[in-house]
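Please keep the structure in view while reading the points below.

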Amino acid sequence: MAIVVKRPKLKWWEHLYLPAIVGGMRVTLGHLIKTLSGKKKVTMQYPEEKWDENLPEHYRGAPALVTDEQDRERCVACQLCEFICPPRAITIKPEEIPSDDKWAKVEKRPKAFDIDMIRCIYCGLCEEVCPEQAIFLRKDYAITGTSREEMVHDKERLYEIGGKRVGLVNKWNGLK
Amino acid sequence: MSEEKSDLIDVQIDGEWHKFPKGTRMIEACKEAGVEVPHYCYHPKLTSPGNCRMCLVEMGMPPRPRPGDDPAEPDEDGHLPIGWMPRPVIACANTIAPNMGIRTTGPLTEECRRGVMEFLLANHPLDCPICDQAGECSLQEFSVEHGKGESRFREQKVKKPKNVDIGPRIRLDDERCIMCSRCIRFTDEIADDPVLGFTDRGSHTTLAVHPGHELANNYSLNTVDICPVGALTSNDFRFQMRVWFMKEVNTIDPNCGTGCNIVVHSRQDEIYRITPRENNDVNSAWIPDSHRLNYHWINSELRLTDPLIKDGKSHRQTSWEDAIELSASKLSGLKGSEIAIVASARMTNEELFMVRRLATHLDAGYVDIVPRMEKSDGYLISADRNPNTTGAKLILGLEDPGSKLGKIKDAIIKDEVKALLVLQENLIDDADFAAEDFSSLEFLLTSYPMANPTAEAADVVLPGACWAEKSGTMLNVTGRLQRLNQAIDGPGQTMQSWEIIRDLIQNTGGGNGIYSTQDLFNLLTSEIPDFVGVTWDQIGDLGMQLVDTGETIPLLEKERQRIAKGLIVG
Amino acid sequence: MSIAIPADLEKEIDKRITHYPVSKRSAVLPVLHALQHHFGFIDEDAVEWTAAKLELEPIKVLEVVTFYPGFRQSAPGKYHIRVCRTLSCAMAGSYELMESICEKADIDRSGVTHHDPIAVSKDGKFSIEFAECLASCGTGPVCLVQDDFHEAVKDVDGLLAQYK
Amino acid sequence: MSKVIYTSGKEPHARESRVVFKNVDREGWDPSIARYMSEGGYDQLKKAMKMEPQAITDEVKKGGLRGRGGAGFPAGVKWGFIPPNNEKPVYLICNADESEPGTFKDRYIIHQDPHQLIEGMAISSFAVGAKLAYIYIREEFPEGAAILEKAISEAHEKGFLGKDVLGSGFDLEIYVHRGAGAYICGEETGLIESLEGKRPYPRIKPPYFPAAMGLYLCPTIVNNVETLCHVKHILEVGGEEWAKTGTPNNTGTRILCVSGDVVKPGYFEVQVGHVTMGELINDMCGGLKDGRKLKAVIPGGSSAKVLRAGEKFTVGRGDDAKEIDMLDIPMDFDTLAACGSMAGSGGVIVIDDSRSISWVLNNINAFYAHESCGQCTPCREGSLWMKKITDRVVAGKASPADIDTLDSVARNIDGRTICAFGEACAWPTESFIDKFREELVGDTDASNSEKILNPESLAAAANLS
């Protein structure tokens with residue numbers, strides 16, 4: 001069904017358009033003056049200059065893995081992110097944690113964890129679905145590389161980006 | 001017919017009246033009526049201890065009139081009113097009675113299910129992200145359907161052993177165990193290897209094997225299948241793949257003449273596990289571990305992926321066209337009596353049908369298969385370790401499979417046979433042949449999935465598809481026709497045997513006209529007497545009895561006895 | 001088998017087994033009682049021996065041993081004391097009795113858990129555990145020392161003095 | 001017959017009618033067969049051997065003897081459940097696993113008058129056609145087991161047991177089977193499993209009704225010690241005469257065991273229904289201790305629902321309906337059931353105002369959590385959960401909402417388990433909350449509802465940033 005949009009009825013002075021033109025010119029002039037007087041800078045000199053500090057908390061940059069306060073990998077390779085990832089950018093190969101490992105009781109960890117950053121659409125579903133709070137979208141947005149291989153973040157790179165994240169739910173404490 | 005009818009009794013399930021045979025368990029009646037009753041401990045192949053209490057339902061009977069009162073009037077359909085009992089009953093162990101009413105919905109049943117779910121989860125570790133059962137876990141499924149979605153349990157959970165090594169193929173997590181006792185009953189009643197038991201009591205009850213003993217029988221992995229939670233997991237499958245990623249294909253097991261019905265679970269052409277599929281005429285609901293785990297070679301490094309031609313002492317890779325052309329040219333110069341064909345009872349009926357055509361076309365002097373007779377294990381493993389000997393006998397007209405192998409060997413040595421085609425077999429390892437026996441041959445062709453000594457001696461080596469990579473039909477020891485379905489694509493340039501044989505026939509001047517296994521099946525069912533008139537759909541997922549060989553499957557016989565005694569539903 | 005069963009004990013056991021003409025398995029409890037009476041507790045060897053004797057899988061015996069609190073899987077003291085913990089005795093002072101015995105017999109119960117309910121005195125003379133209702137609620141607090149039953153126990157010194 | 005004289009200080013109360021307990025605490029009495037036979041012992045067995053088995057069952061039915069173990073099911077009716085066309089062997093089991101907290105009658109019968117039980121068993125075995133009978137005695141009665149074994153061998157020597165009992169052609173063996181400390185073995189199918197050498201997991205009913213499919217899947221009658229003793233006395237006087245004692249449908253005498261906060265706890269054999277709760281506590285047991293007031297009574301073993309002091313009940317139907325005080329309840333099966341509790345095994349536990357209800361309930365919950373066999377889900381998980389909640393109530397770490405959770409946990413067990421243990425462990429909690437909710441809630445603190453209470457989560461919370 002088509003939606004009929006009513007045309008607004010303009011008053012006579014609005015038909016002249018002059019007040020609107022004058023209003024617009026005032027804004028333009030204002031900017032011109034600020035620029036000429038050096039009060040405002042218009043162009044940021046990227047990449048020498050970045051506005052990283054101004055990124056909001058909820059910014060969705062590159063997804064990355066984190067470790068907890070005891071340096072344990074939080075990821076238990078449940079593969080839910082691999083499942084949920086819309087562009088199928090994530091590939092995980094799980095493995096059993098060897099019995100002599102400090103965290104053997106956790107039983108499972110990723111052997112390989114790859115995120116293809118060419119595919120990644122920064123949707124954040126991986127972060128949302130993660131039951132262990134192991135994957136987060138960080139503020140890194142400038143992901144570059146000179147080959148397809150380089151654009152695949154492996155486990156090591158993911159932990160490098162992710163770093164340590166303390167607090168939050170920690171099921172695997174000393175009492176377990 | 002009239003007798004059968006009188007054995008049917010009226011039962012009302014969720015307001016609808018149905019008829020069931022006497023003696024039907026309430027849970028089975030509900031299932032037939034299309035109503036699922038959630039349960040953990042109940043398994044139709046095992047006795048019913050009624051311990052999980054998940055299948056509690058509301059039950060009612062027509063009330064008995066009080067002395068002096070008139071009996072209740074039946075309604076217009078002739079059904080009596082139902083007096084509902086205040087207490088719930090378990091649906092798994094109770095049988096139906098005439099005019100019984102069952103309510104699987106309603107406040108009482110729902111409250112029971114919510115209550116039991118809460119109890120089951122109270123001490124459960126909730127480690128689904130790590131647990132292999134996630135995705136096919138009854139706890140997960142029923143907690144979504146019947147659970148509360150929140151926990152009121154604020155106490156410390158009971159601690160039990162985790163990651164316990166209870167046998168060579170199985171790992172136990174006691175915290176996940178819900179004490180349904182299915183595994184114990186399986187080992188006691190079916191595997192005849194009672195090594196599992198509960199220790200301690202109450203909430204501390206722990207599933208265990210006796211110290212120094214292990215759950216190692218050849219059917220042990222079935223306990224993993226029937227474990228409704230992640231307490232028992234398979235070492236082989238442990239942490240390999242999440243179940244929701246896998247493609248499931250119904251097919252049959254090729255490791256012996258029983259032809260156990262199985263499901264192949266794969267992802268991206270790699271098999272991750274094999275599980276049994278219920279078929280009460282073949283394997284009940286079980287499969288031996290040795291069969292189940294015999295798949296790792298499929299994706300191993302020993303797989304042949306390209307056609308090879310002998311070039312001096314070693315082989316070189318070539319194209320299918322070259323390999324087939326070379327073979328055809330070698331065969332064309334020979335008389336039929338100088339050609340012998342050794343096919344395989346691991347081939348499908350359709351492939352064997354092509355072997356038959358090839359033999360006729362070449363007028364081959366000898367055709368035989370390699371027999372594999374060992375001992376039956378008294379359960380599911382038949383003495384015949386070939387999956388399709390029955391088919392080979394019918395299609396190739398073999399009376400005594402393997403009886404000609406010796407003659408072929410003699411004929412080769414005497415130079416009477418100059419070309420030998422070994423199709424899907426390895427004569428050096430699996431039959432009584434040695435590499436020297438082939439030295440006088442003018443031409444040796446082998447097709448096989450794996451590199452092997454016979455292939456090493458061959459002039460042409462063709463990479464054949466394995467059982468998981470092809471479709472067709474097979475006849476098991478009892479004479480049951482079953483479908484083998486393709487689960488994965490073969491690696492590299494592998495081809496199915498029927499295609500290889502078709503190309504050989506074509507290149508040696510034979511006819512064409514077969515483009516699919518379906519064509520082949522149609523030809524088979526029009527030409528081979530025993531198969532005439534059989535349709536693909538008729539075989540279905542569970543197969544059909546085509547001929548009667550008189551052979552039986554021991555495990556099924558035992559199961560029938562248990563059903564007759566009323567111990568199990570079956 | 002490393003367990004040495006004296007001839008008279010085995011004879012006694014064999015006699016007990018005849019009490020169950022239908023199923024030998026029924027003799028599990030009597031056999032275990034006889035073994036515990038002789039050895040003081042039931043170890044893995046005793047379980048294996050019982051299983052062999054009754055032609056059972058050892059796990060089926062272990063299932064029974066671990067179910068019943070009446071069977072011990074580790075060595076108790078020379079005299080084993082069981083103090084009733086249940087309501088009527090508790091009302092009559094069985095918790096106080098337990099404390100008093102522990103103090104006087106030098107028993108530390110701090111390490112007692114569900115799986116390890118027995119505490120042994122430093123000198124190994126006494127061991128103690130709480131038992132559920134000993135069925136003498138009218139004369140609480142009560143306790144069993146070995147097979148001797150003691151009612152309305154007030155004089156702990158006197159009780160312990162009976163066991164040298 | 002000589003006059004019965006009792007040991008000084010242990011004389012029966014004037015209101016008692018001693019039948020089963022006639023020889024308990026008797027001066028000059030000993031458990032030997034000679035002493036037993038000196039006063040007509042085994043005469044009833046001799047009489048029985050000349051009767052038709054069915055005639056004995058009929059007498060027991062006429063007597064209206066209700067089981068003394070807890071459920072109060074008529075014994076004669078139970079015997080009648082053996083399938084008429086049965087061809088399998090029949091077994092009789094004496095349930096001497098007396099383990100309901102608050103009950104302590106069997107010890108005295110077994111220790112002081114074992115032959116009474118053996119005679120009762122022999123008569124009952126003959127009535128039901130059992131050639132093999134077991135006495136399942138709790139492990140905590142080591143002395144009792146020895147006494148019974150001696151008594152059995154004495155009876156053997158006299159020809160009351162063994163092949164061809166008293167020349168009747170009837171064979172009977174009785175064996176003593178000791179338990180090993182499990183309350184659940186008092187449940188008849190649990191007991192049967194235990195006797196089969198398995199874990200005493202109660203069986204599902206249907207199909208495993210013991211009278212049809214009991215021990216070794218053969219018809220099996222399981223009766224309490226006191227019930228089997230009564231069989232002998234029924235035969236002595238005849239069913240109709242016996243039924244004149246007690247009150248209609250609550251016939252005979254029964255032994256009440258009183259423990260807890262009374263001046264003189266003990267056992268009293270009274271005619272069923274002839275003594276009220278108040279008379280029992282205040283008269284026979286000497287009332288409460290100085291300065292104490294009655295708070296609650298558990299009337300039939302710890303699993304019976306508690307009665308609150310001052311509670312009023314309406315009993316009787318139609319025109320006979322009347323309101324009575326808790327202390328006016330006659331100690332019979334039907335009235336106690338009508339008052340929402342049960343006569344159970346006759347163990348009366350009296351609680352005075354010095355006791356904390358939370359502590360009492362916690363003690364009971366600890367018992368049931370310890371004794372749950374763990375076979376079926378609600379009881380296995382629920383009994384320990386209830387104990388853990390009351391642990392916190394006692395420790396002052398619970399919130400009022402926990403009492404609601406406790407109540408709902410109990411109700412999720414009640415009626416949903418394989419055996420009656422579900423009710424046994426749920427009823428105390430249900431009834432204590434029904435009747436003492438205020439006091440229980442008074443022991444809680446609303447601020448606890450916000451706190452994390454299990455150590456595991458506590459440690460995790462410590463890492464919260």
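The model is a predicted one. Five pairs of chains touch, and the pair with the most contacts is chains C and D. Chain D is assigned three domains, whereas chain C is divided into two. On chain A, a group of residues forms a nonpolar patch on the surface.

**Contacts between chains**

- The size of an interface is often expressed as the accessible area that is lost when the parts come together.
- Between chain C and chain D, about 3,800 Å² is buried, and carbon and sulfur atoms account for 59% of it.
- On the chain C side, the residues that lose the most area to chain D are F67(C), L87(C) and M91(C), which together give 18% of what that side buries.
- Chain C contributes 40 residues to this contact, and chain D contributes 57 residues.
- Two salt bridges are counted between chain C and chain D. One salt bridge joins R16(C) to E149(D), with 2.6 Å between the closest N and O atoms.
- Chain A and chain C, by contrast, have no contact with each other, and their closest C-alpha atoms are 16 Å apart.

**Domains of chain D**

- The domain assignment places domain 1 of chain D at 33–244, domain 2 at 247–352 and domain 3 at 357–463.
- A distance of 28 Å separates the C-alpha centres of domain 1 and domain 2 of chain D.
- In the contact between these two domains of chain D, domain 1 supplies 22 residues and domain 2 supplies 26 residues.
- About 1,700 Å² is buried between domain 1 and domain 2 of chain D, with 55% of this area coming from carbon and sulfur atoms.
- In domain 1 of chain D, the greatest losses of area to domain 2 fall on R66(D), R68(D) and F104(D), together 32% of what that side buries.
- One salt bridge is counted between domain 1 and domain 2 of chain D. R66(D) also forms a salt bridge with D334(D), whose closest N and O atoms are 3.0 Å apart.

**Domains of chain C**

- Domain 1 of chain C covers 7–67, and domain 2 covers 79–161.
- The C-alpha centres of these two domains of chain C lie 28 Å apart.

**The surface patch of chain A**

- The nonpolar patch consists of L10(A), W12(A), W13(A), L16(A), Y17(A), L18(A), I21(A) and M25(A), which together have about 930 Å² of accessible area.
- Helices α1 (12–16) and α2 (18–36) of chain A are the elements that each give two or more residues to the patch.
- L18(A) belongs to helix α2 of chain A. L18(A) counts as exposed because its relative accessibility is 52%, and the cut-off for exposed is over 50%.

Conventions:
Residues numbered from 1 in each chain as written. Chains lettered and ligands numbered in written order. Predicted model: local features only at pLDDT ≥ 70, side-chain atom pairs only at ≥ 80, totals over all residues. Heavy atoms only, no water. Patch = residues over 30% accessible without salt bridge, like charges linked within 9 Å, V, L, I, M, F, W, Y side chains within 5 Å. Areas by Shrake-Rupley, 256 points an atom, 1.4 Å probe, with all protein chains shown as cover. Salt bridge = Lys/Arg side-chain N within 4 Å of Asp/Glu carboxyl O. Helix = DSSP H or I, 4+ residues; strand = E, 2+ residues; numbered from the N terminus. Buried < 20%, exposed > 50% of the residue type's maximum accessible area, 1.4 Å probe, protein only. Domains from an automatic or database assignment. Contact = heavy atoms within 4.5 Å. Buried area = accessible area lost by both parts, 1.4 Å probe.
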